[in-house]
Amino acid sequence: MSTMFFMLKRNLLVCAPIEYGTLDQMVASMNEAKAERANLVELPISFSSNISQLEKLIKQRTLPAILSFRPL
């Protein structure tokens, strides 16, 4: 039983959601998530998202990312 738990634990990834904010705030949140050993981050987007800011955020990311659509 403990061997199975260990194998399952090794295969789990932790995804940290990043909240809306300025570009600097979101990059800082990603760095904090990485420091806390997250494996990837979730970046929220909406109809009002600034595309150029989103592109910069993706280029500056420190972890793999999932983009999610969240209507405001």
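Guide: Two strands pair if DSSP finds at least two bridges between them. Helices (H or I, at least four residues) and strands (E, at least two) are DSSP runs, numbered from the N terminus. This is a predicted model, in which local features need pLDDT of at least 70, side-chain atom pairs count only at pLDDT 80 or more, and totals for chains, interfaces and linings use all residues. Residues are numbered from 1 along each chain as its sequence is written, while side-chain values use heavy atoms, with hydrogens and water left out.

Visitor: What makes E1 and E2 a pair?

Guide: Strand E1 (residues 15-17) and strand E2 (residues 40-45) share 3 bridges in the parallel sense, and pairing asks for at least two. One of the contributors is alanine 16, whose bridge partner in E2 is valine 41.

Visitor: How do you know that E2 also pairs with E3?

Guide: There the count is 5 bridges, and E2 and strand E3 (residues 65-69) run parallel. In E3, leucine 67 is the bridge partner of leucine 43.

Visitor: Why is serine 68 called buried?

Guide: Buried means under 20% relative accessible area, exposed over 50%, and partly exposed in between (1.4 Å probe, protein chains only). Serine 68 has a relative accessible area of 15%, so serine 68 is buried. This residue sits in strand E3. Leaving aside residues up to four places away in sequence, serine 68 touches Glu42, Leu43, Pro44 and Ile45, where a contact means heavy atoms within 4.5 Å. Across the protein, buried residues make up 24% of the 72 residues.

Visitor: What makes a set of residues a nonpolar core?

Guide: The members must be buried Ala, Val, Leu, Ile, Met, Phe, Trp, Tyr and Cys residues joined through side-chain atoms within 4.5 Å. The largest one here has 12 residues in all, including Ala16, Met30, Val41, Leu43 and Leu57. H2 and E2 are the elements that give two or more residues to this core, and H2 gives the most, with 5 residues. In soluble globular proteins, nonpolar side chains tend to be buried together.

Visitor: Which residues does leucine 23 touch, not counting those up to four places away in sequence?

Guide: Leucine 23 touches Gln53, Lys56, Leu57 and Gln60.
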